[in-house]
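I opened my notebook beside the model and wrote down what I looked up, step by step. Come along and follow each entry on your own screen.

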Amino acid sequence: MAFTNTSFVAFMLLIITSILVQCSFTYASGNDFDTKKQNFQEKLLSNNIGIQGLVYCKSGSKLIPLEGAVTRIRCEAVDEYGFETKPYSFLSDATNAKGYFLATLFQQELIAEKRVLKECRTFLDASPLDNCNYPTDFNKGISGAELLSYSFLHDKKMNLYTVGPFVFTNTQINL
């Protein structure tokens with residue numbers, strides 16, 4: 001009789017232990033990381049956004065700041081119900097004499113459309129020079145530089161991302 005009670009207790013402990021292990025494994029390996037990553041990305045893009053960078057013209061071995069170049073920022077977006085919508089795209093201001101650009105997006109612009117940005121990338125868009133108008137994929141100028149880390153500007157309530165530098169060249173590069 002003692003053997004049966006001991007066997008029953010051991011069997012019950014084994015079942016309870018396996019249930020607890022399964023529950024803790026499901027919790028630890030579930031979508032907790034994905035949820036945290038998604039919440040982090042949503043927080044990143046919940047403020048006003050600024051994207052800055054430099055654009056150069058490569059002539060021979062020289063990099064020359066390119067005045068008047070434009071970059072495009074393209075963001076994946078979802079609607080108020082979490083469904084994907086058409087991407088949101090906007091242009092930076094033209095670069096200054098030092099090749100510097102700044103693109104800004106204020107959340108008020110998206111509130112009216114009831115869209116939330118999820119992931120943004122910056123691309124080379126246009127060069128003002130006919131002799132330096134071929135974009136390169138240096139720092140993902142063609143494939144799109146993802147917005148990853150930022151500095152928070154308290155006075156402007158803005159996440160300021162830095163990308164690039166990007167490079168145009170005078171000859172088309174075939175890959």
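**Entry 1: aromatic pairs**

How many aromatic pairs does the count come to? I am working with a predicted model, and the count comes to two aromatic pairs. I first looked up Y88 and F90, whose ring centres are 6.0 Å apart with 50° between the planes, and I noted the pair as tilted. Both residues, Y88 and F90, are buried.

Then I turned to Y150 and Y161. Their ring centres lie 5.5 Å apart and their planes meet at 50°, so I wrote "tilted" for this pair too.

Is Y161 buried or exposed? With a relative accessible area of 1%, Y161 is buried, because buried means under 20%. Y150 has a relative accessible area of 31%, so I put Y150 down as partly exposed.

**Entry 2: salt bridges**

Next I looked for charged partners. Side chains of opposite charge can pair when their charged atoms come close. I found that the structure holds four salt bridges.

One of them joins the side chains of R72 and D125, at 3.2 Å from N to O. R72 lies in strand β3 (residues 70-79) and D125 in strand β6 (residues 115-126), so this pair ties together parts that are 53 residues apart in sequence. I checked the accessibility of both partners. R72 is partly exposed at 31% relative accessibility, and D125 is partly exposed at 34%.

R74 and E76 also meet in a salt bridge through their side chains, again at 3.2 Å from N to O. R74 is partly exposed, with a relative accessible area of 37%. For E76 I noted 32%, which counts as partly exposed.

The side chains of E146 and R121 meet at 3.8 Å from N to O. E146 is in strand β8 (residues 145-146) and R121 is in strand β6, so the pair ties together parts that are 25 residues apart in sequence. E146 is partly exposed at 29% relative accessibility, and R121 is partly exposed at 26%. Which residues do salt bridges with shared partners join into one network? I wrote down E119, R121 and E146.

**Entry 3: the surface**

I then searched the outside for nonpolar side chains. L54, Y100 and L102 form a nonpolar patch there, and together they have about 200 Å² of accessible area. L54 belongs to strand β1 (residues 48-59). With a relative accessible area of 31%, L54 is partly exposed.

From β1 I moved on to G60, in the loop between β1 and β2 (62-65). G60 is exposed, with a relative accessible area of 60%. How far apart in space are G60 and N170? Their C-alpha atoms are 8.9 Å apart, while in sequence the two residues are 110 residues apart.

**Entry 4: the whole chain**

Time to zoom out. I counted three helices and 10 strands in the chain. From the N terminus on, I read the order of elements as α-α-β-β-β-β-β-α-β-β-β-β-β. The chain has 175 residues, and 29% of them count as buried.

**Entry 5: confidence**

The pLDDT averages 80 over the chain, and 71% of the residues score at least 70. Over residues 23-31 the pLDDT is below 50, and this stretch has two contacts beyond near neighbours in sequence. Residues 33-44 also stay under 50. For residues 33-44 the model has eight contacts beyond four places in sequence.

How values were computed
Residues are numbered from 1 along each chain as its sequence is written. Side-chain values use heavy atoms; hydrogens and water are left out. Rings of Phe, Tyr and Trp (its six-membered ring) pair if their centres lie within 6.5 Å; planes under 30 degrees apart count as stacked, over 60 as edge-to-face and the rest as tilted. Buried means under 20% relative accessible area, exposed over 50%, partly exposed in between (1.4 Å probe, protein chains only). pLDDT is the predictor's confidence in each residue, from 0 to 100. Contact means heavy atoms within 4.5 Å. Patches are made of residues with over 30% relative accessible area and no salt bridge: like charges are joined within 9 Å, nonpolar side chains (Val, Leu, Ile, Met, Phe, Trp, Tyr) within 5 Å. Accessible areas come from the Shrake-Rupley method with a 1.4 Å probe; for residues, only the protein chains shown count as cover. Helices (H or I, at least four residues) and strands (E, at least two) are DSSP runs, numbered from the N terminus.
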